[in-house]
Amino acid sequence: MDLVVLVAIQVLYAIASLALISVGLAIIFGMMRVINLAHGEFLMLGGYAAIVATSNGMSIWLAMLVVAPIVVGIIGVIVERTIIRFLYGRMIDTMLATWGLSLFLVGLTTAMFGNTTVGISAPLGSFQIGAYRTSVYTLFVIAVATGVLAGIYAVMRWTRLGLLARGTMQNANMAAALGVNPPRVYAITFGVGAALSGLAGAVLAPVSGVFPTIGVAYVAKSFITVIGGGAAILSGTASASVLFGTINQIATFATTPVFGEVALLAAAIVLIRLLPQGITGRFFRRGL
Amino acid sequence: MAVPLLETRDLTMHFGGVRAVHNVNFTLAEGELRCLIGPNGAGKSTFFKMLTGQLEPSHGRVLFRGRDISHAHAHEIARLGIGIKTQVPNVFDGLSVRENIWLAASRIHSVRHANGVVDEMLARIGLIPAADRLVGQLAHGQRQWVELGIVLSTDPVLILLDEPAAGMTHEEVQKTAELVREINRTKALIVVEHDMQFIRMIAKQVTVFNQGRVLVEDAVEDILRNPLVRDIYLGKQAAA
Amino acid sequence: MNDRALNVIGLALVGVVGAAFLILTPRFAELDAVLELTVFMIMAILALSLALVWGYGGILCFGQSAFFGLGAYTYAIAMFNIGESTGPLLLAIGLPAAFAALLGYFMFYGRISDVYLGVITLTVTLILFNSVNSTAGPEFHIGVARLGGFNGIPGIPPLNIPGNKAAPVDLEGMFYLATASLLATYFGLRWLLASRFGRIIVGIRENERRAELLGYDPRVYKLATFTVGGALAGFAGCLFANWGAFVSPTIFGLAQSAQIIIWVIVGGRGTLIGPIVGCIGIQWLTTALGANQPSGSDWMTNLMANAPFILGIILVAFVLLVPRGLVPTLGDIGHWLLRLRARPAAPSLKPKQAEEG
């Protein structure tokens, strides 16, 4: 029984962290059709932002939940204005340019912070489930992921910004005709996507530590979650995270974490083959 | 009765809730030239796409010489002998005119033989002077000719022409009509066109599409006199 | 002067320069330099494999390093088990080719779009990286060869004269072999691209739908192209394992994949000479940067010696400013200059062919 609870928490955690690292990318892909290969580095920058802020005496909560998203969000807007906006409609070129950006950021952070892992210890301690101990922080990550998804739902559903975003997503020209300014919507969207990635990177930093090439560990997982999910940002990310997170965690229990990851990636390739439009291309078509 | 060259039975295409083509029964004899007319959105291009394997019918069947090709791949249908010139010229823009024709000719000819066929075809479509120019740099009318040349070079049994006269000068239209008549000596054709003058120049039998269905099928003179046809072209809702 | 003549002159030029380079280098260069040039030649073969797959076949493969790494690992493992290099060499070409065929079948027959192709190939190479990386324990072995995990496989025996185990290829021999292989690959691909097959794959790249409507099955042609590309990359991997007598999982890594893409982007898609030039140029640059690695604490100098940083800037700059790559862009400028000079005599010069290079 205790083991079941523990496994359930681990599975939930796998799903939550997958959703968390993917949602920023999903927003950028879903609304702008941009595949941002520097996504992993946005997560990495979020981790560094949180670490630099805490080591300068800031509260870890403030550093993770406020500083990291703001810093990476600003970087996102700068990237959109200086690179991405020249490449709209050229999906492959955007992928290549963001790949270049990814290398650039890895090089830059290596020069600034060195090629070593820095960490912050996870706050909140641990708790007991029967014979097993697990950290409270795991629950915190699950809560943050839930909060982020709920927040996106609320924004998309009930605010003017969400309405504009959905309009631009459907048809950029139509939105322009109605007086929405797509360049601004795109810049904001990219910034919001980057900010959420920064948040995710910061929240996961105590778990994994931060080093310049940590983006590589994230990037493939978040891509396949987004592509596996399909165009609908929220239902896509959620459904793909549930599917892949469960597969990952169960394979991890059965074998090793590395093969858990391999199982996840392999499952994703099969899914993309079966449903090229992603899960939401076939199911939940009317989702947000 | 002989097996028709092409036959569709209850051919239907749905896009979500929209019926682009609905229960179309259409028959074309060997060597026939048929014109297809109808307002925009009547389902003509969708119909062509199903005939060539670019779209898979929601239901119904397409038979080519009695053989069911409803679910065949586009390249398999092409190999059976159906060629298509699409509405917007669908050519290899980054390659030269000669290269375009060569790619088509080499599907049925050996490399050595293909070169000769290419020269003949360049002469036939009057593009020898432009043979080494990139197709993407040619005028719209010339690109239409290139596409015709491509289609003819694969020596199909049946050719589908989607608006071959669109965007052509009066002179070019006449030249095209002449070519269509010449092609019809050896091949069957289905031609989609809006230009009534062009239809008059080439057609015998005309099928009218409206709202995804066959509205009427008749000889060209009768079609042009038909008040129902006139109504849909004038934009009035036909009482179908 | 027409394009055919230009073409012949170009081919002859490559042949002469290549042969001169092949014969003269070992006589006049230091052994270090020869060793370094050898790896450039090997990487240029890898660059050519992607030039074919992406530049001519239009297949967006972000994971060409998967086949390169498979070739290297296959050679190493087979060599420890067999001992005579003919079999391992053939396996190092055949296995990556078979893997490419399998993956290609999965992707092309599944009608997966371009962009997803990029993501899938990238994911595949990361799967290989993760899997091989975690095989450090002694329980992971194939025959007598231990996989070594993140430590890699050291001490890989070199190729030998076919059939004669006692006659291994030495360092200078490796240079000859790599350079001759590069030249053979270049001319082989030129021949392939001029053939019916090559012209059809370029047609499919230009307009897949049209090619289909003419009766060509794009899936078959893409699969064949992808498989040939896999075989070539595997062969390059085999040479690479020979060159350093060592292979590690970083061969599958993102950095390696990015490099190959950068070579082709910088040199130019749709040419063969471009990716070779791009590869050698970038290799030379990264080697030079690595050699200048400062020991000091000044992070600005650190940054300038940082290969990913510089490569990232190069990639972004090329995508934004020179998207067609060096060779096609220089070719355009050359044609433009020619036309300026020849304007009164020949008003309509023949435009550039899609497959120069």
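The entries below go from the chain pairs to single helices, domains and a few residues.

**Entry 1: what I am looking at**

I remind myself that this is a predicted model. I checked confidence for chain B, which averages a pLDDT of 87, with 97% of its residues scoring at least 70. I flagged residues 236-240 of chain B, where the pLDDT is below 50. That stretch has 9 contacts in the model beyond near neighbours in sequence.

**Entry 2: which chains touch**

Which chains share the most contacts? I found 2 pairs of chains in contact, and chains A and C come out on top. I then looked between chain A and chain B and found no contact there. The closest C-alpha atoms of chains A and B lie 12 Å apart.

**Entry 3: chain C against chain A**

I listed both sides of this interface: 37 residues of chain C are in contact with 37 residues of chain A. On the chain C side, α5 (114-133), α10 (254-267), α12 (299-304) and α13 (307-321) each supply at least two residues. Which of the elements gives the most to this side? I found that it is α5(C), with 12 residues. I sorted the side of chain C that touches chain A by class and got 25 nonpolar, 10 polar and 2 charged residues.

**Entry 4: chain B against chain C**

Next I opened the contact between chains B and C, which takes 22 residues from chain B and 17 residues from chain C. On the chain B side, the elements giving two or more residues are α2 (74-80) and α3 (97-108). By class, I noted 11 nonpolar, 6 polar and 5 charged residues on the side of chain B that touches chain C.

**Entry 5: chain C as a whole**

I looked up the secondary structure of chain C and found 14 helices and 2 strands. Its C-alpha trace spans about 75 × 50 × 50 Å along the principal axes. I wanted to know how the radius of gyration compares with that of a compact globule. For 357 residues the globule value would be near 21 Å, and chain C has 21 Å, so the two agree. Buried residues make up 50% of the 357 residues in chain C. I also looked at contacts in chain C between residues at least 6 apart in sequence: 75% of these join residues at least 24 apart.

I started with helix α5 of chain A, residues 136-158. Its 23 residues, at 1.5 Å each, should span 33 Å, and the end C-alpha atoms are 33 Å apart, so the length agrees. Which residues of α5(A) are buried? My list has Thr138(A), Val141(A), Val144(A), Ala145(A), Val148(A), Leu149(A) and Ile152(A). A reminder to myself: an α-helix has 3.6 residues a turn, so residues three or four places apart point the same way. I then looked for what covers the buried residues of α5(A), and the cover includes α1 (2-32), β2 (132-135), α8 (182-208) and α10 (233-254) of chain A.

That took me to α8(A), whose 27 residues should span 39 Å. The end C-alpha atoms of α8(A) are 37 Å apart, which agrees. Since 20 of its 27 residues are buried, I wrote α8(A) down as largely enclosed by the rest of the structure. Just after α8(A), I noticed that Gly209(A) takes a positive phi of about 75°.

**Entry 6: the domains of chain B**

Chain B is divided into domain 1 (1-81 + 157-240) and domain 2 (88-155). How far apart do the C-alpha centres of the domains lie? I read off 25 Å. Between them, 7 residues of domain 1 are in contact with 5 residues of domain 2. The side of domain 1 that touches domain 2 divides into 4 nonpolar, 2 polar and 1 charged.

Asp10(B) sits in strand β1 (residues 6-15) of chain B. With 13 other C-beta atoms within 10 Å, Ala245(C) counts as partly exposed.

How values were computed:
Residues are numbered from 1 along each chain as its sequence is written. Chains are lettered from A and ligands numbered from 1 in the order in which they are written. This is a predicted model: local features need pLDDT of at least 70, side-chain atom pairs count only at pLDDT 80 or more; totals for chains, interfaces and linings use all residues. Helices (H or I, at least four residues) and strands (E, at least two) are DSSP runs, numbered from the N terminus. The expected span of a helix is 1.5 Å times one less than its number of residues. A residue is buried if 20 or more other C-beta atoms lie within 10 Å of its own, exposed if 12 or fewer, and partly exposed in between; C-beta atoms are placed from the backbone. The radius of gyration is taken over C-alpha atoms; the globule rule is 2.2 Å times the number of residues to the power 0.38. Ala, Val, Leu, Ile, Met, Phe, Trp, Tyr, Cys and Pro count as nonpolar, Asp, Glu, Lys and Arg as charged, and the others, Gly among them, as polar. Domain bounds come from an automatic or database domain assignment. pLDDT is the predictor's confidence in each residue, from 0 to 100.
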